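Dear colleague,

My notes come after it, and I would be glad if you checked them against the coordinates yourself.

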Amino acid sequence: MNDWGKYAVYFVLGGSIVSLSTYLGAQGRPYLAAFASTFPAITGATFVLLYFNGGSDAIVAYAEKLFWFVPPWIVYVMAMIFIVPRAGFWPAMAFSLALYMGCVWLVKLALR
């Protein structure tokens, strides 16, 4: 498979997960929507593709860095939980993403 074919598969896989999560959430099934969003399908697919393209060392390097993004993600989700009811969706999204990026920047500084 050429590079464009691989990227098409990645795009379809990612879009499918987002579509499933959105569908479940819109149907009043927030638990299943959250499960679909956080199910390690994307991470698992990334592991498989990294293995095929870069071997075991690429998987280990990716997995080690993945842990560093858990705290910023938790901050992002918590901010959404607290800000959406108070300020609405768009202000909460903007602030939460800015907060996430700030936390990622702090993690990057910590890794130096």
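Predicted model: local features only at pLDDT ≥ 70, side-chain atom pairs only at ≥ 80, totals over all residues.

**The chain as a whole**

The protein chain contains five helices and zero strands, so that, read from the N terminus, the order of its elements is α-α-α-α-α. Its radius of gyration is 17 Å, whereas the globule rule gives 13 Å for 112 residues, and the chain is therefore more spread out than a compact globule. Along the principal axes, the C-alpha trace extends over about 45 × 40 × 25 Å.

Of the 112 residues, 17% are buried. The accessible surface amounts to about 8,400 Å², and carbon and sulfur atoms supply 74% of that area. As for contacts, if one takes those in the protein chain with a separation of 6 or more, 40% are between residues 24 or more positions apart.

**Helix 1 against helix 2**

How are the axes of helix 1 and helix 2 placed relative to each other? Helix 1, which covers residues 3-26, packs against helix 2, residues 30-38, at an angle of about 170°, and the two axes are 7 Å apart. Because an angle over 145 degrees counts as roughly antiparallel, helix 1 is described as roughly antiparallel to helix 2. On the side of helix 1 the contact is formed by Ile17, Leu20, Ser21, Leu24 and Gly25, while helix 2 contributes Leu32, Ala33, Ala36 and Ser37.

Serine 21, which belongs to helix 1, deserves a separate word. Its relative accessible area is 11%, and since buried means under 20%, serine 21 counts as buried.

Tyrosine 31 and valine 18 are 13 residues apart along the chain, and their C-alpha atoms are separated by 15 Å.

**Two residues further along**

Tyrosine 62 is located in helix 3, which runs over residues 41-67, and it is partly exposed, with a relative accessible area of 27%. If neighbours within four places in sequence are left out, tyrosine 62 is in contact with Thr43, Thr46, Phe47 and Leu50. Between tyrosine 62 and leucine 20, which are 42 residues apart in sequence, the C-alpha to C-alpha distance is 26 Å.

Leucine 111 lies in helix 5, residues 89-111, and is likewise partly exposed, its relative accessible area being 43%. How far apart in space are leucine 111 and lysine 65, which are 46 residues apart in sequence? From C-alpha to C-alpha, leucine 111 and lysine 65 are 9.9 Å apart.

Technical notes:
Residues numbered from 1 in each chain as written. Heavy atoms only, no water. Axes fitted to C-alpha atoms, helices over the stretch in contact; angles between N-to-C directions. Helix = DSSP H or I, 4+ residues; strand = E, 2+ residues; numbered from the N terminus. Parallel < 35°, antiparallel > 145°, perpendicular 65-115°, else oblique. Contact = heavy atoms within 4.5 Å. Rg over C-alpha atoms; globule rule 2.2 N^0.38 Å. Buried < 20%, exposed > 50% of the residue type's maximum accessible area, 1.4 Å probe, protein only. Areas by Shrake-Rupley, 256 points an atom, 1.4 Å probe, with all protein chains shown as cover.
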